[in-house]
Amino acid sequence: MSDTPQALEDGARLVCQTMKSQGFQAYWVGGCVRDRLLGRPLKDIDIATDARPQDIAHLFEKTKLVGAAFGVCIVRQGEHVYEVATFRQDGSYTDHRRPDSVTYGTAEQDAHRRDFTINALFQDPETGEVLDLVGGMDDLRAGRLRTVGDPRQRFSEDALRLLRAIRFAARLDFEIEAETWEALREMAPDIRHVSPERHRDELTRILMDDTPSRALRLMDESGLLERLLPEIAAMKGVEQGRRFHPEGDVFVHTLLCLDNLEVRTPVTVWAMLLHDVGKPPTAERDLETGKISFYGHERVGAEMAEDIGRRLRMSNDDIRKISDVVARHMRFMHASDWNRSTMRKFLAADTIEEDLAIHKSDCRSSHGMLHAYDLVRGELAALREKQENPIPPPLLTGQDLKAMGFQPGPIFREILEAVQERQLEGELRSAEEARGFVAGRFQGMKFTTEARRHGESVEGKDVT
């Protein structure tokens with residue numbers, strides 16, 4: 001199939017072959033070379049060349065100039081797209097993000113402008129030969145993350161590199177070289193120069209990794225956690241009851257939850273990170289018994305999750321889903337007591353899969369009891385097997401109530417909720433049965449509303 005990893009590599013080879021056939025240099029560069037040498041799967045392939053953008057556009061039918069100032073073209077080959085960039089050297093970075101000026105240069109100049117040595121390797125895809133101009137191969141073999149050149153200069157150019165260093169070291173399980181680490185800790189306050197959107201995207205990449213706890217611990221040790229997510233740093237040292245949380249404090253528990261999470265989407269990883277964010281501000285200890293409680297932490301946590309989402313400029317939909325999951329995560333503890341109606345309403349939530357994923361990891365990272373998870377998962381599976389919606393179409397509507405003589409008002413909601421409750425419990429199965437139920441239970445209310453409309457007395461009292 002055209003979308004296989006082999007197709008990705010074949011397309012990138014063809015792009016390089018086409019440029020080389022016209023006398024240009026062309027190498028795979030950056031993360032794809034690093035990951036290929038480490039035996040890791042490739043998600044995308046970037047190409048560096050001495051060809052200018054106009055040359056690239058002339059050589060390929062499907063191209064798009066996406067970075068005119070930086071000499072970057074997107075080239076489509078088959079089903080895949082590749083970023084093809086001209087060798088360049090950067091000027092100063094006064095905005096801590098982009099160079100003020102760019103000039104085309106050589107492969108060596110291009111390597112020296114990059115962030116980390118392991119990301120500055122070039123490789124000929126045909127021969128496999130690696131062009132290493134900054135000592136990246138030695139660092140790769142040693143499992144070491146080091147900046148290209150002076151770390152303070154690299155971090156001052158783009159402060160997001162502070163967070164990227166953490167992500168790469170954690171993802172690859174590499175040690176951050178001493179001088180690079182010292183500069184990172186010293187310059188951690190400069191992360192303020194980075195926009196909230198870039199914070200959000202980099203943090204999401206960290207949380208989506210297989211073992212996010214590594215990065216979060218490095219963030220904590222470097223000072224970045226306190227600056228970016230002070231609500232998470234506040235979890236450290238917040239004790240929990242040993243009966244249900246033998247693993248440790250809220251911070252330790254949260255890191256375990258993230259590592260154990262089986263379903264990784266932006267919503268699930270953020271909801272998992274924030275599911276207990278309300279515990280520090282709600283923590284109380286009974287002076288007589290020593291018992292620790294966090295009453296209402298899910299409600300407080302949902303409000304905090306919404307605030308954090310807005311601070312990081314997440315989409316409204318993601319904010320809503322994340323805060324909903326945080327608000328609902330403690331409801332599982334009552335699942336065995338739910339009636340059919342309550343269960344179905346819970347299963348009808350559009351975040352039910354996220355709810356289940358968070359609850360399962362929460363349990364696996366603490367007391368280990370999964371009976372509530374199994375119960376809810378089983379109920380959901382049974383409904384799906386029958387292709388049945390948790391909430392079926394209503395038996396009655398407001399129009400039906402008006403036809404029965406009821407006046408529109410707050411009573412409509414009460415009646416319709418009562419009908420739905422009995423419908424979900426299986427007590428009412430048809431509109432006829434629903435009308436009979438309403439007539440029997442709410443008929444007096446109909447007469448009351450009729451009387452109020454006409455200014456008549458009810459039970460001997462003037463209603464005007």
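Residues are numbered from 1 along each chain as its sequence is written, and side-chain values use heavy atoms, with hydrogens and water left out.

**Figure 1. Confidence along the protein chain.** The mean pLDDT (the predictor's confidence in each residue, from 0 to 100) of the protein chain is 91, and 94% of its residues reach 70 or more. Residues 449-464 have a pLDDT below 50, and beyond near neighbours in sequence this stretch has 16 contacts in the model; contact means heavy atoms within 4.5 Å. Where pLDDT is low, the predicted coordinates should not be read in detail.

Figure 2. A pocket is an open set of points on a 1 Å grid over the protein atoms alone, where a 1.4 Å probe fits, with protein on both sides within 12 Å along at least five of seven lines; lining residues have an atom within 4 Å of a point. The volume of the largest pocket is about 1800 Å³, counted as the space filled by probe spheres set on the points, with grid points joined across faces, edges and corners. Its lining takes in 50 residues, and Asp 46, Asp 115, Arg 164, Arg 167 and Phe 168 lie nearest the centre. Two or more lining residues come from each of α2 (31-38), β2 (46-49), β3 (63-67), β5 (80-86), β6 (88-90), α7 (160-172), α9 (196-208) and α10 (212-222). Here helices (H or I, at least four residues) and strands (E, at least two) are DSSP runs, numbered from the N terminus. With seven residues, α7 gives the most to this lining. By class, the lining has 19 nonpolar, five polar and 26 charged residues, where Ala, Val, Leu, Ile, Met, Phe, Trp, Tyr, Cys and Pro count as nonpolar, Asp, Glu, Lys and Arg as charged, and the others, Gly among them, as polar.

**Figure 3. The second largest pocket.** About 910 Å³ of space lies in this pocket. Of the 29 residues that line the second largest pocket, Phe 244, His 245, Met 330, Met 333 and His 367 lie nearest its centre. At least two lining residues each come from β13 (292-293), α16 (297-311), α19 (352-364) and α20 (371-385), and α19 gives the most, with three. The lining divides into ten nonpolar, 13 polar and six charged residues.

Figure 4. Ser 366 counts as buried because its relative accessibility is 13%; buried means under 20% relative accessible area, exposed over 50%, and partly exposed in between (1.4 Å probe, protein chains only). Not counting residues up to four places away in sequence, Ser 366 touches Phe 244, His 245, Pro 246, Glu 247 and His 253.

**Figure 5. Helices α10 and α13 in contact.** The axes of α10 and α13 (residues 250-260) come within 8 Å and cross at roughly 145°. Axes are lines fitted to C-alpha atoms, for helices over the stretch in contact, and angles run from 0 to 180 degrees between N-to-C directions. From α10, the contact uses Pro 212, Ser 213, Leu 216 and Arg 217, and from α13 it uses Phe 251, Leu 255, Leu 258 and Asp 259. By class, these are five nonpolar, one polar and two charged residues.

**Figure 6. Ala 165 within α7.** Ala 165 is found in helix α7 and counts as buried, at 0% relative accessibility. Leaving out residues up to four places away in sequence, Ala 165 touches Phe 116, Leu 145, Phe 155, Ile 176 and Leu 184. Ala 165 and Thr 180 are 15 residues apart in sequence, with 9.0 Å between their C-alpha atoms.

**Figure 7. Two residues with positive phi.** Most residues other than glycine have a negative phi. Arg 313 has a phi near 55°; it lies in the loop between α16 and α17 (316-328) and is partly exposed, at 47% relative accessible area. Gln 387 also has a phi near 55°; this residue is in the loop between α20 and α21 (398-403) and is exposed, at 75%.

Methods:
This is a predicted model: local features need pLDDT of at least 70, side-chain atom pairs count only at pLDDT 80 or more; totals for chains, interfaces and linings use all residues.
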